[in-house]
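Trainee: I am new to this structure and would like a close look at one part of it. Could you walk me through a single helix and what lies around it?

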Amino acid sequence: MGKVLFVEGISGVGKTTVARNIAERLQSGGIRTRCYLEFDAANPIDFYATAYLTREEYAAIQAEYSAKLHPIEAGEAVLVRYSDGDRPLFEGTLLNRLRQNEFCYHPTYLVPLAKYTATYEAVWKNFFSTPPADVLIFDGSLLHHPINDMMGNYQVSNAQAAAHVSALLRTLGGVEWQLVYLYTEDIGVQLARAHRDRNQNAPAQDEIAFWQERYRKDKYVLQHSVKRYQTYDVTENGWDAALGRILSSL
């Protein structure tokens with residue numbers, strides 16, 4: 001049975017770089033590894049540009065359009081990805097219809113929080129029943145993206161965020177998993193560095209405040225839901241040391 005590695009941390013701490021480097025090291029050693037990075041439309045358990053459809057809505061769209069939708073089974077619902085990054089996967093009225101049913105990112109029609117969690121649970125349970133590689137690496141799929149969505153859409157409390165993460169971890173069943181959390185105590189400095197690297201403007205104070213609050217929420221969730229995890233301080237370019245220790249733990 002495969003092993004799952006979740007690479008987590010707030011924006012700008014190097015999750016994507018670390019996840020990619022771990023995957024490259026493992027693959028070069030002959031270990032079957034799949035790595036799902038941020039905004040990866042192929043990510044089977046994390047959702048950007050994805051429509052939430054009831055069974056009835058999905059059946060109606062199927063009847064009206066001839067396009068292959070490639071549905072993701074999600075319990076009572078069906079999910080359909082409509083974009084891969086900035087590239088739309090459909091055109092015209094079908095694309096607009098799917099966008100109107102956005103599931104996570106500023107949805108027009110917000111599903112109840114309990115249904116949001118149940119949808120995630122159904123997808124995770126289906127996927128992790130047969131992991132497709134020796135090692136699966138996920139960039140921000142357990143804490144980072146879902147909690148961002150829940151904060152923006154539902155204004156969740158710490159306890160509600162922790163309950164969602166606990167529910168997702170239960171779907172893993174007997175799958176061996178590990179979580180590494182990259183952090184820095186000087187969030188403003190790290191965000192400014194990340195913005196420069198991405199050729200973005202310096203972070204505004206409200207953005208820094210958001211990620212400081214997000215870091216506090218992450219610590220609560222780690223302590224109350226995850227309980228077994230490793231933290232790595234990446235202050236002053238500490239990624240190489242973190243990478244070596246993570247590889248050793250794998």
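**A close look at helix 5**

Mentor: Let's start where two helices touch: His144, Ile147, Asn148 and Met151 in helix 5 meet Phe210, Trp211, Arg214, Lys217, Asp218 and Val221 in helix 8. Contact here means heavy atoms within 4.5 Å, while helices (H or I, at least four residues) and strands (E, at least two) are DSSP runs, numbered from the N terminus. By class, this contact has five nonpolar, two polar and three charged residues. In that count, Ala, Val, Leu, Ile, Met, Phe, Trp, Tyr, Cys and Pro are nonpolar, Asp, Glu, Lys and Arg are charged, and the others, Gly among them, are polar. The axes of helix 5 and helix 8 come within 11 Å and cross at roughly 115°; these axes are lines fitted to C-alpha atoms over the stretch in contact, with angles running from 0 to 180 degrees between N-to-C directions.

A word on the source: this is a predicted model, in which local features need pLDDT of at least 70 and side-chain atom pairs count only at pLDDT 80 or more, while totals for chains, interfaces and linings use all residues. Residues are numbered from 1 along each chain as its sequence is written, and side-chain values use heavy atoms, leaving out hydrogens and water.

Now for the wider surroundings. Helix 5 (residues 144–154) is largely enclosed by the rest of the structure, because nine of its 11 residues are buried, meaning under 20% relative accessible area with a 1.4 Å probe, protein chains only (exposed is over 50%, partly exposed in between). Among the buried ones are His145, Pro146, Asp149 and Tyr154. Their cover includes strand 1 (3–8), helix 1 (15–28), helix 4 (113–128), strand 8 (135–139), helix 6 (158–170) and helix 8 (205–226). Just after helix 5, Gln155 takes a positive phi of about 50°.

Strand 8, one part of that cover, is itself covered on both faces: Val135, Ile137 and Asp139 are buried on one side, Leu136 and Phe138 on the other. Strand 8 runs parallel to strand 1, joined by five bridges, and pairs in the parallel sense with strand 2 (residues 33–36) over four bridges; pairing requires at least two bridges found by DSSP. Val7 stands opposite Asp139, and Tyr36 stands opposite Phe138.

Finally, look at Leu143. Leaving aside neighbours within four places in sequence, Leu143 is in contact with residues including Asn148, Arg214, Asp218 and Val221.
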